[in-house]
Amino acid sequence: MSDENSAFRQFLSEDMLDVLVKVGLIAIMGVMCFRIFAPFMNLLLWGLILAVALYPLQQRLAGGAEGKQGRSSALLVLGIILVLGAPTVMLASSFAGQIYETYEAFSGNSVSIKAPDPSVADWPIIGKRVYESWSSAAADLPAYLATLQPQLGELSRMLLSSAAGAMGNVLFFLGALIISGVMMAFGESGGAATERIFCKLTSPARGPSLHTLTIATIRSVATGVIGVAFIQALLLGVGFLFAGIPAAGILALIVMLVGIIQLPAAVISLPAIGYLWWAGGDTTTNVIWSVYLLIAGMADNVLKPILLGRGVEAPMPVILIGALGGMISAGIVGLFIGAVVLAVGYQLFMDWVNQSDADIDMVADGSTAETSSPTA
């Protein structure tokens with residue numbers, strides 16, 4: 001008995017202390033690694049997301065040849081930069097330039113406003129107030145702006161901050177795209193390492209399926225959320241441009257952002273249709289462009305069920321809820337992280353449920369066999 005107590009005390013005093021020291025050192029190392037990695041986390045996550053989404057296209061360019069992985073990745077990245085990067089830089093520069101020009105024009109009191117039509121006062125509910133404010137601004141704009149100085153000061157600071165952030169976001173995207181090219185060049189070895197991590201965290205039988213589910217979810221969100229928003233922004237942007245609506249590029253960018261956060265594009269297309277009829281012009285042309293903008297504004301209702309959740313074992317509502325919840329919690333990158341986490345969690349939960357059902361069926365079959373077996 002005394003020998004057992006001695007061994008137990010030795011375990012508590014020596015072995016337990018050794019375990020606690022090792023765990024503490026591991027925790028300190030993990031915290032240090034995370035702090036070093038944290039400044040680059042968003043950039044590397046976006047690079048990984050782009051790499052996973054673009055990898056099938058890169059493999060088509062490589063043709064399966066191992067020696068062409070680096071060249072095909074570089075070619076794909078350069079092509080995307082030329083096709084998307086250059087117009088994006090131009091759009092962001094135009095957006096920033098228009099904000100600065102507007103700010104300088106208002107600061108220099110060089111903006112003039114045409115007097116409103118008397119019919120504006122007949123608008124329901126807001127007509128009289130709009131007419132009075134519009135008339136004051138048309139008569140003496142500097143004096144009218146002076147009455148709004150606190151609000152305009154806050155608005156100008158917000159617009160200038162948005163203009164500065166526009167170019168920063170473009171440079172961030174280009175950096176993530178370059179990192180994704182490096183990841184795609186080593187995609188095969190990286191994919192094998194990721195699959196081993198999944199197997200280590202779960203089991204050798206379940207790891208490959210969860211790895212496949214993660215990749216499919218990222219690609220599904222890329223096409224079902226980002227892709228649909230881009231397609232809709234492109235359709236409406238072309239319509240805005242040819243219909244003669246001012247700032248068509250900026251409106252197209254707003255449509256894409258609205259689509260990513262899962263708001264209906266009609267919040268942009270319907271006011272644009274109203275502007276068409278308010279500005280006058282040929283009735284037939286207005287009808288044609290109104291119908292086009294209305295249809296393009298509702299295109300996501302058709303595209304999203306087709307593309308979102310395609311090729312993923314988890315149901316489409318699970319992917320959509322995960323994307324929205326992740327975006328609310330962690331921003332745009334949360335679209336992918338939230339969808340992946342919820343899809344993997346759903347798959348693990350359903351595996352557990354199905355396994356429990358199988359155990360119940362086995363018990364039931366065993367009980368039935370015992371009941372039906374002849375007794376001696």
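**Figure 1. Ring geometry of the aromatic pairs.** Two aromatic pairs are found when the whole structure is searched. In one, the ring centres of Trp289 and Tyr292 lie 5.6 Å apart with the planes at 85°, so this pair is edge-to-face. In the other, the rings of Phe349 and Trp352 have centres 5.9 Å apart and planes at 40°, so the pair is tilted. A pair of aromatic rings is described by the distance of the centres and the angle of the planes.

**Figure 2. Trp289 and Tyr292 in helix H11.** Helix H11 spans residues 283-297 and carries both Trp289 and Tyr292. These two residues are three positions apart, about one turn of the helix. Tyr292 has a relative accessible area of 29% and is partly exposed, since the class lies between the buried limit of 20% and the exposed limit of 50%.

Figure 3. Trp277 lies in helix H10, formed by residues 266-279. With a relative accessible area of 41%, Trp277 is partly exposed. When residues up to four places away in sequence are set aside, Trp277 touches Thr283, Asn286, Val287 and Ser290.

**Figure 4. Ser269, a buried residue of helix H10.** Ser269 also has its place in helix H10. Its relative accessibility is 1%, and Ser269 therefore counts as buried, the limit for that class being under 20%. Leu236, Leu293 and Gly297 are touched by Ser269, residues up to four places away in sequence not being counted.

**Figure 5. Phe240 and its contacts.** Phe240 is part of helix H8. At 0% relative accessibility, this residue counts as buried. Leaving aside neighbours within four places in sequence, the contacts of Phe240 are Ile245, Ala248, Leu251, Ala252, Val255, Ile268, Ala272 and Leu293. Phe240 and Ala272 stand 32 residues apart in sequence, and their C-alpha atoms are 7.8 Å apart in space. Leu293 is in contact with Phe240 and is likewise among the residues touched by Ser269.

**Figure 6. Course of helix H8.** At Gly227 the helix bends by about 35°. Just after H8 comes Gly244, which takes a positive phi of about 80°.

**Figure 7. Overall setting of the close-up views.** The protein chain contains 14 helices and zero strands. Of its 376 residues, 28% count as buried. The chain exposes about 23,300 Å², of which carbon and sulfur atoms supply 70%. Among contacts between residues at least 6 apart in sequence, 66% join residues at least 24 apart.

Figure 8. The mean pLDDT of the chain is 75, and 70% of the residues reach 70 or more. Over residues 372-376, pLDDT stays under 50. For residues 372-376 the model has zero contacts beyond four places in sequence. Where pLDDT is low, the predicted coordinates should not be read in detail.

How values were computed. Residues numbered from 1 in each chain as written. Predicted model: local features only at pLDDT ≥ 70, side-chain atom pairs only at ≥ 80, totals over all residues. Heavy atoms only, no water. Helix = DSSP H or I, 4+ residues; strand = E, 2+ residues; numbered from the N terminus. Buried < 20%, exposed > 50% of the residue type's maximum accessible area, 1.4 Å probe, protein only. Contact = heavy atoms within 4.5 Å. Areas by Shrake-Rupley, 256 points an atom, 1.4 Å probe, with all protein chains shown as cover. pLDDT = per-residue confidence, 0-100. Bend = angle between axes of the 7 residues up to and from the residue. Phe/Tyr/Trp six-rings, centres within 6.5 Å; stacked < 30°, edge-to-face > 60°.
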